[in-house]
Each structure stands twice: as structure tokens, then as C-alpha cells.
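Here are my notes on the structure, as numbered points. Please read them with the model open.

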Amino acid sequence: MTARTPEQDGAPPATEDGDELTGPLASRRIRRRLTFGTPEALGEEPARPQGRRGKRPPSPWQRAQNAWQQAGVPWPPSEGAPERPARTPETASAKATKKPADAKKPADAGKPTEAPKATDAMKPAGAADAVKAAGAVKAAGAAEAGKPADAPKAADAVKPAGAVKPAGAMSAAGAVKGAARPASAPETASAAGDAAATGRRPGGGLRRPRHAVVAVAACGAVAVAAGAYAVSANEGAAAPRSEVAAAKPAEGAFTLDPAARTDGLVQNVAAVAAAGSTVVATGTETAGDGTPGRDRAEFLVSQDAGRSWRLAAVRAPDGAEPAPGARPRLLAGGAGAWAAIGQTAVPGEAALWTSVDAGEWTREPGTGLPFTPNDRVNALARTSGGFVAAGVTSPSGKFAGDTRGVVWTSAEGRVWRRGPDLAPLGVAGLGLLAASGDTLVAHGTYARTVTKNVKRKGKKKGTRKVTTTVRGEGLWRSADGGRTWAPVTVPHAQGSYGPVRSLAAGPGGFHAVREGRTTTGKKKKRRTTRYGVVFGSRDGAAWAPAGRLGAPGYARVERLAGTPAGLAAIVRGKGPAATVLHSADGRAWRPGGSVPGAALSGLAVAAGGTAVAGGQRGQDGLLAVAGPAGGPAAPVDLARIPGAVRPERAVTALAPGAAGTAMAVGSTGGAAAAWHLGAAGTWTRGPAPAPGARLTAVAHGPRGWLAVGRAAAPNGTPAPLVTASQDGRIWRRTGVPGGRATSGAAAGPGGYVVVGQAGNVPAAWRSADLARWRRGAGAGRGDLAGPAAMRDVASTGTAYVAVGGRQAARPAKGGPPPGELPAVWTSPDGQKWTAAAPPALPAGVASGAFTRVVARGGALVALGTGRAAAAPGAPAAARAFAAHSADGGRTWRPAALPGGTATAALTAATATAKGFLIAGADGAAGRQDVVLWASPDGAAWRRVAAAGTGLDGPGDQRLTALAPAGNDVVGAGVSTGHRGDVPMLWRTPAP
């Protein structure tokens, strides 16, 4: 494979012997010159004088080195290259008998160059020329540094300096002004470091070979601003790193509500495990609006028995960010190996995490695991030889009448195998598991077939055989790490009744607890005392009663846990709080504190007998530490653990205002939020328009700002939300008659328009003053018939166009439920609406609806989301699509977006000074990057190269809102990783 360089497209350069660099050896020398700086660094002799012409002029790479040094940007030599004095124009002119035409004076280094001629389309421009064309690097002593270059001609589109708009244009638009200055090098270096650590370049591809990385690192400081090309080894195809500016973290712009009482997210602590002084609690943080697939798995670790905590790092096997959406439920570990098992967002798909020291976790790949969609893993234990999991399987997947118990074993937690067949033992399911060394005890249910002789009824005499399946409680023991199992019995004693409620291994072996009661007195004086009966066994085979659990107003025992450090139990009594009991041997129990009312799901015993409980209280996770000395359990403030709780913050819509102002709306902490961009360029948060709500659309008109969304009614059902503001700082809530949901807003010639749904039919409302609203009507019969909903609306300047979805016709009896089809409505004044013919769904999309529409005069672009056709019983994958109209929404055609995958999501769109821009997110979960498409008319689209902070790199990046800002585009988005979401603000010249 031959790497292409600019030298191949122009006149072939000569070697020191005067031979042209052609053939296989030429490619190797060119690549070496790309890596090292000068011919001298290659160990070659300097070029000999060629008659009266003297030396050959410096190569483009040598001119690039000279330009970088003049601009104050270091030119790092390759690893292993000998350090030699850098060649400069001065030294070159001193040694040459005649100054080459390409050599530039230092004073000219920053001056703009003229546009190259059309005949030079394939001729290389030196790096110094590229820097000057961009006008982004200020050379020492330059009199006119930073001026933008003349626009390249059409024939120059493939030239390195002409492929991207000069950085001077970016600077004039106020985008990334310092992108080409040496001061930006640390950011580039950081990105390169991240890519090197993960084996994944920021753009999402594979890491380049070593020699290509050296070249890119050398050019990184000016690549974005100057539009320079980076040469890779993949056939050497030169392409711009990015055609747009990078985003910036925007936590200071989109500020939180300081008076918020909640974080707007749902957290839970699902499991707790301890080994000595090391305690691990795991759980999930979920979006408060229930958005599927965005769950964030968290592991909190303490190395001092619960006194201090930190958030552990979670990575994929290759060091990248793990895919979101997985929820850990079970946890076990110790002695250099920890494991957690849970579920992904895909129904029936297991998720697995492992760790060596509990401080850093790896989300293991789901391929090759023996857990099937018909399995349920209910318990996990650490043995001296590895891990054992227990659960239930159902061949039919219905978990009714055909269940069987199942165990899985693993030596290190990563590779699992299915255990022995438990059917001969009649095990119908396993739910509890405890381990001491390599001995395990499992609790579950058995199923046994019983045949009885039943006397016949009626005149018939004799008996008949009746076969039934009897189910009951069972315990089984394994002495070899889960390879073989045998049934054991825990007898009833001391008034115990019912099944075993909890099982643990601790001091002295195994412990189990059942409910117990004792009744005394006669008739009216009869009294019943309730308690828990603890049974103990040294080896898990022979069991005997050991002690009792009690508390004032005892109701039930909730959990039992143990380690060699001791035992702990949680019992419920009077009041919402739970009582923690401690024991060193299972016989004598003493109160050890109380846990505030919550749903408890985890309990562990750390060094010193300290009990650590986990669960959920309301929408917040609960973690409490109860020492053996007694007193109330100390709750752990999860918000004080760095990164454990990041308040919800979302920007869902942007709109431009007058005189350079803008408005962003969304939510923070579960409440509606609005941020105003003033003429001075500062974002200011206004008072929350409504608590427990989210704004989804915003528009600006003569009377001020209009924002709509959804709120929560007193009974918890969704309700419409319509708010207005004259100045963008003080908001008042208004209402629309008969509205069930509001989702889109626009301002146009007929006034302000809000769209949504009333009952199950599409609805629109119009207002001239943002105070009095009037519901629109259909221009003809059936134009606003349901079931259907309007989801967004745009103004063309002379009319309005709304988009949404309409329920498809019901299928034949027994078929799948009906889906949605795209729907479009037009109105000249926002009052009378006519249904227009929408485009057909793209091939492979079974159902879908429009969710977003933007207009640029009579041209419109609509985005939609649907479901792909799937086999019966299989989940349908999400599919995004787009369409365009050139006649004000009357007719529509599908819009083809090149370069995206079938799973790419479309997240935002806007009209720009140059046409339209669509933003999407593409890639596997946990590795999604922003993708952009631009079009002058909505019909023909091109993929726009996008890279940089907030656009690509580790984790998921997406732009959630776009809006025009003069000749620029401004956007808001989010960068998501295992430590939460970081809001982003993006501004770039319209591509």
C-alpha cells in the first residue's frame, strides 16, 4: 500500500543524488519525511548544488517546519530522530547561491495569501501557506497577522488549505477564536492522550499507526483552524479533521436552580457487599422522566468500613466508556476478585461487571455469557474458588409451571459456565445463596409429582389415579463449589413457621431465619408474640435453633447478612424506621441502630461488626452505616460523594431573539428551566416557570417569548404547560382550552401558535398577545380527526406547518398492535388547518411519526422516529428518518442523509443562513458521536466532518438543540460518561 502525500501530486522531488522520488522507495522516503523533520534527520546527505541554480528549494515539509518555528509553534522531532539545527529561511538563503522562490521572509509569515489558481488544484501548498491562508497563527513580527485568506476557487476544493473555511471567518463570527494558537495545544494533546489510552481515535475509528500519529500531533495545533489535512496510512486519503468548531462545557451557562429540593433523577442502591474493611455498594441512576436505556451504573467503595466513600471508575474492557442502560442488582466479592450481575436495557439480557480491588470496575462484554433471555439470576456468592450464581430458568419464557433451578459458576467472575442439571433433585427455582469457603447452601422451591387414588363420584364405584404437582420450600447444599448438590433440611423449632426468609454465612458457619410466634393466655387474654427464629449450622448440613430476633412492635425480619466479622439483621417494627440487630455468633442479638423508612435491598457486615444497609427512599438512593454500639444509623450523604449524584440538566430547545439574544429551555432538577442569552453574550437563568415540569419548545415574536412543554397534574398524569415572558427573565404561566398535551410552538404572521393534542385528536391554538388562546379547527371534515397528535410546528413566514403522527389502521385480528404513520398539517393563519399528504415511510421502517420540523421560507425539513420491521416476538429496533418539502408543506419527499448507519438517531435540526443543518448521534451505546448533515435546500445533503470536545471522543455525545445565530449556528448538547452528564455549548459558522 502506498501512502499518498502532496508531493506525489505535483512535480516529483529529487533525492540527494538528483533522482526523482518515484517508485516504491519514493513512498517509503516520503513517509519517513513525514515522520522526521528534514532530510538530515533521515541520515541523508544535504542536496548537492545543481549547477548555477544551487540547492533545490526546501520541500513542503521543510517549509512547514520553518513556518511553525516562525509562528512560535514547536516542531517535535520523531522518537529516535537525531536532533539537528532547524533550517530557517535565513540559513537557507545564506547558503544558497540564489534564494528560492518558495522561501518566505519572516515578515510575510502572517499575511494572507491569494487564492490558488484552478490549474494548481492538485499542487501542494506548503504548511506556511496553509497557516497564512487560515490567518490563525500570528508569526513573530508579522504586520498583518490573522487576516482571513481569500476564498478558494471551486477547483481548489481538494487542496489542504482550501478544503475548510479559513479560521479567520470563524474568528469573525465569534466561534473558536484561539483554535490555531499554540495555547490550544494542551487541549489537543489531552485528546490525543485519551485516544492513545483507549485505542480509539476521537472520531470513533481505530488508532493510527505510530508514524501517522506523529504527523497528526505535529499539526494538531493548527489543523482545525487552518483546515490542514492529516495524512493517514489508510491509502493516504487526506480529509479535514473537522469542518466545525468544538463545543465547550456549559455548566456555568446552563446553571442549576439553587433553590431546587430534588436533583430530578432516580437513584437506588441495589446491593451491598463487604470483605474486611472494604465495602462496595452498587446501584443505578436513572433519568427522572423514565427515558429508557440511559441508566448509569454506579459503584461506591469504602476502604474504612463505611466511614468515607468514593465513586469507583467503570470502564469497558478496552478502557473506553461503558454502554449506558445496564442496572447491577447482585454483588459479591473479596480476596482480590469482585463481581456484579444485572440486566441491560434489552429485556432478558444479562450485564456483568468485574473488579480486582473494588476501586475500578470493568463492564464485561455480553457475548459468550451462558445467561439466556429465559433465565433469571436471583443470587450471587463468593467462594474460595470463585463465584457461584443461582436462579431459575423457564424453557417457555413464561415462568409458570415449567421452571427449573439453575446455578452458574466462574473462577474469576468474567467467564461463566452453566452448572449441573438440578432437575433430578426436583429444584424448581433458587432465590437465596450463602457461601463459606467452598461450601454453599441454596434456598428455593421444589416441584414433585404426586399420584393419589381418589374415590370416584356418582354411581361409578372404585377409585381413580390423580397426578398432581406439589410445590414447597427446599434447601440444597454443595461442598465442592457448586459442582454437586444434595438436599438438606432446616427444621421448625421455637414456634417457627413458614419458609426461610433470609440466609447468610458468618461466624460459626451458616445462619437462616424464619418467622416465629408464641401464643399465651386464654380467650380475651390470649396474646401472640412475634419474633424471628435464627437457625445455625457449622457445615450447612445439620441445623439447629440458635437465637431470636425481636424489636418493639415486631412485624417481620427483612434481611440477614454475615461475614467473619459478625452478623446483622434488619427487622421491621412500629413506625417507618427499621431496626438493625448485631450478633457475634447468631445466639445473642443486640440493637445496633435504626434505619430511616425506606425500601431496603442490601445489607453487609464490615470489619468491627459495622452494618451497612442500602436501598431507596422516595426517588433517592439510601446508604446507611450502623455501628455495633447502637444509636441511629448514620446516613451517607450521596450528594457529597464526588460524581455520585449529578443533578438532572437538559436543554431541549433553542430559539434566536432580537439583537443577538437567544433563549434555551429544558429542565433542571426535575423542574422547567429557561436561560436567556443577553446582547452581552452572557446566559442568565430565570425563575423556574413551573416545578415538576419540562419545557420542550420555545419561540420568539413581537410580544416576547413563548415556551411550551409538559407538567404533572395533581393526580400524577401529564398536563400541558404553556408559559410566556416579555423579556425572557420573568415568566408567567398561561393555559390553552381543552389541551391534553403541548409539545411545539412557533411565531408567525398570524401570531403565536401552540400544537399538541386534545383528547386523542391533534390540536392547535393561536394567540396574538400570549394571554388569550383560541383553539384552531379543521378546514375540512376529517382534517383534525384522530387518533393523532401534532408534535411540532414551524412558520414559513406566510403560513404554518405542523407535523406529528397518526395511528395506522388496525390490523387483522391477532396481528400486532397498530403503530403510527407520519402526519402533516398546513394553515395560512394558525386557525384553519388542512391535512397534507405525508411521505411514505422509508424502506425497512414499519411505523413512525414526525417529531420535529424547521422552515426556511417555503422549504421545510422534518425529522421522524420509528421502528424497524421485526420478526414476531423480537424487539423492534429504533429507526430515524427525514423528509423535505419545497412548497410550504403541501408535498413531501424522503431526505437521504449520506454516511450514517441505520441505527443513527436524529437529535436536532435548524434552518441556517446557508440552508439547513441536522444533528444526529451515531455509534454503539457508550461510543456515540455527533454526526452532522448540511443542505442548501433540504433535498441534497452532505455529511459534515465533526470532531472535537462535545462532538466525539469517550462516552456518548449528542446535540439536543440547534438554532441560527446570524451566520453562525449555536447548539446545546450533552457529553455522557459513567460519571454522569456534562452540558455542552456549541457555536460554529454555518457549514
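1. Start with Glu298. Glu298 sits in strand β6, residues 296-302. Strands here are DSSP runs of E of at least two residues, and helices are runs of H or I of at least four, numbered from the N terminus. Glu298 counts as buried because its relative accessibility is 8%. Buried means under 20% relative accessible area, exposed over 50%, and partly exposed in between, with a 1.4 Å probe and protein chains only. Leaving aside residues up to four places away in sequence, Glu298 touches Ala281, Thr282, Gly283, Leu311, Gly643 and Ala644. A contact means heavy atoms within 4.5 Å.

2. On the basis: this is a predicted model, where local features need pLDDT of at least 70, side-chain atom pairs count only at pLDDT 80 or more, and totals for chains, interfaces and linings use all residues. Residues are numbered from 1 along each chain as its sequence is written, and side-chain values use heavy atoms, without hydrogens or water.

3. Next, the aromatic pairs. Rings of Phe, Tyr and Trp (its six-membered ring) pair if their centres lie within 6.5 Å; planes under 30 degrees apart are stacked, over 60 edge-to-face, the rest tilted. The rule gives eight aromatic pairs. Phe254 and Trp683 form an edge-to-face pair, 5.3 Å centre to centre with 65° between the planes. This pair links distant parts of the chain, 429 residues apart: Phe254 is in the loop between β3 (248-249) and β4 (265-275), Trp683 in strand β36 (residues 683-685). Phe254 is buried at 0% relative accessibility. Trp683 is buried too, at 12%.

4. A second pair is tilted: the ring centres of Phe371 and Trp408 are 5.1 Å apart, with planes at 55°. Phe371 lies in the loop between β12 (360-364) and β13 (375-383), and Trp408 in strand β15 (residues 404-410), so the pair ties together parts 37 residues apart in sequence. Both Phe371 and Trp408 are buried.

5. Ring pairs also join Phe254, Trp675 and Trp683 into a cluster.

6. Check the sheet as well. Four strands form an open sheet in the order β17-β18-β19-β20, with antiparallel pairing. Two strands pair if DSSP finds at least two bridges between them. β17 (427-436) and β20 (486-488) are the edge strands, each pairing on one side only. β17 and β18 (residues 439-455) pair in the antiparallel sense over eight bridges. Leu430 has Gly444 in β18 as its bridge partner.
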